[in-house]
Amino acid sequence: MDSQHDEYNVALKVSLTYAAIAALWILFSDRAASLFSADMAELTIINTFKGWAFVVVTALLLYLQLRFFIRRIISARHSLFTAHRELEAAYEELAATEEELRQQYDALEEQVAAVSASEQKYHSLFDHMLN
């Protein structure tokens, strides 16, 4: 699953959780309030407390859900950072190995050139001795 899809899933989960809790709260708290009193003045007070309770409960649930998702994001970032550091270390090691191989190759080319020059001198000396 790609990152953008995960982000949309988080937003959808938070929104659907809020909508479900809000709908259930409205449905059941109105019924409960009417059980406590039929007086309009008392219902007004009960509904005010009910509204504040809704705000507190949903804020707490939203906080808990967001904290959960933020911890997941932080954990994913930490894993990504660790993997990045390991990749950088592997790259540096590869670069150092490449440099060492270049130096060995250059030294080998110098030796081949020296052997070739020595071989030419040997052939030249041998030809000179035969003539």
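## Helix α2

Leu-61 sits in helix α2, which covers residues 40–130; helices here are DSSP runs of H or I with at least four residues, numbered from the N terminus. The model is predicted, so local features need pLDDT of at least 70 and side-chain atom pairs count only at pLDDT 80 or more, while totals for chains, interfaces and linings use all residues. Residues are numbered from 1 along each chain as its sequence is written, and side-chain values use heavy atoms, with hydrogens and water left out.

Helix α2 has 91 residues and spans 131 Å from its first C-alpha to its last, close to the expected 135 Å. The expected span is 1.5 Å times one less than the number of residues. The buried residues of α2 are Leu-43, Lys-50, Phe-54, Thr-58, Gln-65 and Phe-69. Buried means under 20% relative accessible area, exposed means over 50%, and partly exposed lies in between (1.4 Å probe, protein chains only).

## Nonpolar patch

Val-57, Leu-60, Leu-61, Tyr-63 and Leu-64 make a nonpolar surface patch of about 420 Å². Patch residues have over 30% relative accessible area and no salt bridge; nonpolar side chains (Val, Leu, Ile, Met, Phe, Trp, Tyr) are joined within 5 Å, and like charges within 9 Å. Areas come from the Shrake-Rupley method with a 1.4 Å probe, and for residues only the protein chains shown count as cover. Leu-61 has a relative accessible area of 36%, so this residue is partly exposed.

## Salt bridges

Two salt bridges are found in the whole structure. The term stands for a side-chain nitrogen of Lys or Arg within 4 Å of a carboxyl oxygen of Asp or Glu.

One of them joins Lys-50 and Asp-30, with the closest N and O atoms 2.3 Å apart. Lys-50 belongs to helix α2 and Asp-30 to helix α1 (residues 3–36), so the pair ties together parts that are 20 residues apart in sequence. Lys-50 is buried at 15% relative accessibility, whereas Asp-30 is partly exposed at 39%.

Glu-98 and Arg-102 form a salt bridge with closest N and O atoms 2.8 Å apart. Both residues lie in α2, four residues apart, about one turn of the helix. Glu-98 is partly exposed at 41% relative accessibility, and Arg-102 is partly exposed at 48%.

## Negative patch

Glu-99, Asp-106, Glu-109 and Glu-110 form a negative surface patch. Asp and Glu count as negative, Lys and Arg as positive, and His and the chain ends are not counted. Each charge is placed at NZ of Lys, CZ of Arg, CG of Asp or CD of Glu. Glu-109 lies in helix α2 and is partly exposed, with a relative accessible area of 41%.

Terms used
Helix = DSSP H or I, 4+ residues; strand = E, 2+ residues; numbered from the N terminus.
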